[in-house]
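User: I am new to this structure and would appreciate a guided introduction. Please take me through it by question and answer.

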Amino acid sequence: MRAPSGSGAEVAVGDVLLSIENVSLSFGGVKAVSDVSFDIRKGEIRAIIGPNGAGKTSMLNVINGFYHPQQGRITFKGETRSEMRPYEAAQGGIARTFQNVALFRGMTVLDNIMAGRTLRMHSNFIWQLLRFGPAMNEEVEHRHFVEEIIEFLKIQEIRRTPVGRLPYGLQKRVELGRALAMQPDLLLLDEPMAGMNLEEKEDMSRFVLDVNDHYGTTIALIEHDMGVVMDLSDRVVVLDHGIKIADGTPDEVKKNQAVIDAYLGVAH
Amino acid sequence: MLYREAGQFKTTYEADQALFPILQDRIGIVVILAIAFIAVPLTANTFVIDSILIPVLVFALAAIGLNLLTGYTGLLSLGTGAFMGVGAFGCYKLTTFFPGVNIVVLIVGSGFLAAAAGIIFGLPSLRIKGFYLAVATLAAQFFLSWCFIRVAWLYNYNVSAAIEVPQRTLFRVVVTGPSAAPTTRYLLVLTIVSVMTLLASNLIRGRIGRTWMAVRDMDIAAELIGIKLYQTKLMAFAVSSFYCGVAGAMLVFLWLGNAESESFNINQSFLILFMVIIGGLGSLTGSFFGAAFIWGLPIVLEYAPAYFGIKVASATAEHLSYITLGTLIILFLIVEPNGLARLWQIGKQKLRVWPFPY
Amino acid sequence: MHMLYQIFIDPFVQMGSAPDLFVQTLWEGLVAGVLYSLIALGFVLIFKASGVFNFAQGIMVVFAALTLVGLYAHGVPAFLALALTIGVMFLLALGVERLVLRPLVNQPEIILFMATFGLTYILIGGGELIFGGDPKVMISNQLYLPSGSYRIPALGGFVQMQKIDIAAAVIASIMVASLAVFFQKTRIGRALRAVADSHRAALSVGISLEFIWVTVWFAAGIVALATGIMWGARSDVSFALDVIALKALPVLILGGFTSIPGAIVGGVIIGVGEKLGEFYWGPLFGSGIEEWFAYVIALIFLLFRPQGLFGEKIIERI
């Protein structure tokens with residue numbers, strides 16, 4: 001099930017998959033990220049936490065290639081670059097979900113997830129016109145794969161529903177499905193539990209853990225729910241006002257004074 | 001009760017993804033095609049064929065072209081008329097250069113010329129988005145319109161700046177030129193339009209259609225999935241212009257028999273755009289509905305008063321049809337912004353649960 | 001080589017050798033530009049306040065002028081006809097708000113844009129039905145608009161300026177200035193900007209959308225009337241004007257869709273650019289490049305600055 005993905009060297013489990021070095025990002029006069037460095041090891045679940053405006057989403061956007069940092073370097077699968085381009089990120093095996101669900105609203109659930117397979121579909125224009133031979137075989141082959149994802153996420157009943165009509169929680173699940181369809185090496189999740197009730201959060205947490213276990217996907221996760229973060233993640237990096245203030249296991253971070261002051265607070 | 005999917009299970013993904021997965025739909029389309037290909041030529045009078053059926057089919061094809069670009073890829077284009085013109089004048093020049101070549105080949109060839117024009121005027125889409133891109137298509141429209149008059153080479157230096165269609169045959173039957181029978185022309189147009197609609201439908205349902213719709217719905221997310229925006233947009237321009245070009249060539253060669261620059265001006269672009277809007281953005285069947293509606297309405301307005309015995313001057317009828325058209329557009333947008341295609345879908349949905357109300 | 005000379009050197013040589021002709025062309029361009037800006041101004045007003053791109057602005061110009069001339073032709077004295085026409089434009093604004101905008105509130109912009117297409121066709125059909133399609137003469141004398149021209153000796157020859165053109169430029173400037181002040185300083189102006197941003201949000205803070213919309217469409221109607229009068233005074237009042245209105249698009253691109261001063265700047269650039277292009281580069285192409293030159297200017301501009309001269313840089317947040 002795990003076909004080799006795009007460019008870059010093969011990284012062993014436990015080694016550094018992605019490394020951010022001294023990255024700074026500003027918009028006009030606003031400094032979103034200042035001189036941040038951390039790494040993500042293959043096979044782990046890495047949480048990025050911090051108060052609002054800390055630069056977490058900006059960080060993900062830099063990894064994705066959507067924002068280009070003014071300074072710093074990104075090393076992914078052994079290749080170092082000063083900025084990532086969205087297409088390179090996608091080809092290299094980076095997929096993500098978004099804070100405000102970025103699904104294709106005019107398309108059905110099935111089409112959205114199939115869209116995630118685009119990079120792996122190669123039949124040329126003529127076959128596409130005829131919808132025959134290589135084009136048809138490709139459609140069926142990828143449909144198989146997508147159906148497994150649909151089964152995994154338990155969204156069989158809604159596969160033909162236009163996503164615009166789905167409730168928020170289901171949309172988030174579909175978005176996860178689309179990201180999984182890319183068979184990513186690194187999955188970036190931006191607040192996957194936002195706006196969910198307890199039951200939905202438990203479901204999503206289970207999905208995240210399964211993806212990590214089952215497919216071995218490395219996951220970087222932005223999340224505000226501390227319970228989720230502490231339970232799911234292997235390591236945590238804490239940002240505040242664009243600066244890294246802590247980096248370590250959940251237990252270490254929980255006890256860090258700077259983190260408590262900036263974000264966690266104390267029990268009253 | 002009639003329109004039920006119950007019991008129609010698919011055992012392969014291929015069957016599930018077929019064009020008409022529901023049996024009743026399959027029967028329906030066969031019936032429609034039978035009527036179109038067999039019943040109509042045998043029974044309809046030449047006026048209906050020449051003044052209604054042929055133009056509706058031709059405009060439907062142009063509407064499909066525009067729909068691919070605007071409805072499926074989200075790139076508003078106001079240059080449809082010009083691309084149709086490229087096809088028409090292109091076909092004319094091709095028949096001048098290659099008098100012996102089969103006319104269908106030349107019509108398809110003119111589609112490629114139009115596609116090339118489409119790509120050239122689509123190049124700005126790398127930097128320009130949304131409404132601003134529409135202005136680029138406007139530039140194309142006005143520039144090409146100007147060319148159709150000023151570049152005399154295009155109409156073989158004819159004094160009247162118009163093109164006259166030469167006679168051409170297909171399987172030894174005359175299909176173009178003054179002596180071509182309406183029925184023959186109708187069948188040729190019908191064949192070309194049917195085939196091209198099928199091909200468009202194939203594209204839409206496959207990978208390319210998905211990339212187009214992804215670009216339309218959220219191009220940033222599309223990029224992050226690995227879709228190459230620029231190539232996708234240019235592909236849309238190319239295919240869309242191809243369809244418009246073929247429609248333009250057929251307009252001149254298989255319907256009007258002659259044309260001048262006027263036939264491909266900005267008003268033509270708006271006309272096709274209305275067809276797409278009223279028919280339904282992002283729907284192939286909608287393109288047919290829209291074409292039939294927009295083309296048929298003025299005709300109905302022209303003949304209806306006489307039918308009821310009311311005398312209306314033809315100029316007044318034209319003014320009234322403008323007013324009616326404008327009012328209907330607004331009404332449509334209020335009632336069903338997704339156009340006739342959506343109304344059709346709702347109708348089918350109601351059929352599914354008939355005789356129950358919901 | 002000769003081609004390069006003809007494109008890049010010769011026109012400037014011509015400009016230099018007959019500077020009075022150059023200034024004349026500049027003036028003509030300025031005048032055309034002012035009229036384009038007036039049309040663009042109508043667009044900007046409506047877009048700024050309702051987020052609607054009013055495709056019908058061009059036909060509103062024609063319709064307003066036709067109403068004025070038509071009333072006069074039926075024996076109504078000139079200034080009464082003017083007042084009545086203003087009243088008609090008010091009724092039009094009321095009608096549009098009630099029958100078009102209100103049912104379509106909250107719909108995406110493209111739907112509203114299409115609705116203005118429908119409005120255009122209604123106004124074309126209605127205008128032709130009521131007033132007839134043949135060109136009419138504007139009642140400039142009856143409105144005490146200046147006629148004749150000034151002949152100014154300058155730069156070795158002379159420059160001719162029509163008095164009506166000067167009047168148009170002055171009136172346009174006054175209108176632009178007062179509208180700009182209105183939008184920036186007054187309470188209603190602020191409400192208008194809020195509505196342009198988001199219908200829903202404006203409603204939720206208690207802004208009466210109906211009032212705002214009627215106000216702004218009425219204002220656009222007045223601008224249309226002024227444009228119609230000015231334009232009609234220079235040439236005739238005919239339905240060809242609505243194609244000219246499409247020229248406002250390049251103006252809006254240069255000046256931005258929501259900037260009132262931008263409409264003037266954009267209009268002047270397009271007007272001057274077009275006239276200079278036609279006069280000095282036109283002969284290279286055969287005549288008539290005015291038909292598309294403005295769009296090409298706008299297009300080239302967009303390639304370097306995709307958000308227009310005065311537009312805000314689009315930062316997409318995701």
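Predicted model: local features only at pLDDT ≥ 70, side-chain atom pairs only at ≥ 80, totals over all residues.

User: What radius of gyration does chain A have, and why does it agree with a compact globule?
Analyst: The C-alpha trace of chain A spans about 60 × 40 × 40 Å along its principal axes. A compact globule with 268 residues would have a radius of gyration near 18 Å, so the value for chain A agrees with that expectation. The radius of gyration of chain A is 19 Å.

User: What percentage of the contacts in chain A with a separation of 6 or more is accounted for by residues 24 or more positions apart?
Analyst: The contacts considered here are those in chain A with a separation of 6 or more. Within that set, residues 24 or more positions apart account for 68%.

User: In which order do the 4 strands of the open sheet in chain A lie?
Analyst: The pairing in this open sheet of chain A is antiparallel. Its edge strands are β2 and β5 (79–81) of chain A, each of which pairs on one side only. Neighbouring strands of the sheet are turned by 15° against each other on average, direction ignored. The order of the 4 strands is β2-β1-β4-β5.

User: Which residue in the turn of the hairpin formed by β1(A) and β2(A) has a positive phi?
Analyst: Strand β1 (residues 16–27) and strand β2 (residues 30–41) of chain A pair in the antiparallel sense over 8 bridges. The hairpin has 2 residues between its strands, and the residue in the turn with a positive phi, about 60°, is Gly28(A).

User: Which helix supplies the largest share of the side of chain C that touches chain B?
Analyst: In this interface, 35 residues of chain C are in contact with 28 residues of chain B. On the side of chain C that touches chain B, at least two residues each come from α5 (109–131), α11 (248–255) and α13 (290–304) of chain C. The largest share, 14 residues, comes from α5(C).

User: How many nonpolar residues does the side of chain C that touches chain B have?
Analyst: Divided by class, this side of chain C has 7 polar and 3 charged residues. Its nonpolar residues number 25.

Terms used
Residues numbered from 1 in each chain as written. Chains lettered and ligands numbered in written order. Pairing = 2+ DSSP bridges. Axes fitted to C-alpha atoms, helices over the stretch in contact; angles between N-to-C directions. Contact = placed C-beta atoms within 7 Å. Nonpolar A, V, L, I, M, F, W, Y, C, P; charged D, E, K, R; others polar. Rg over C-alpha atoms; globule rule 2.2 N^0.38 Å.
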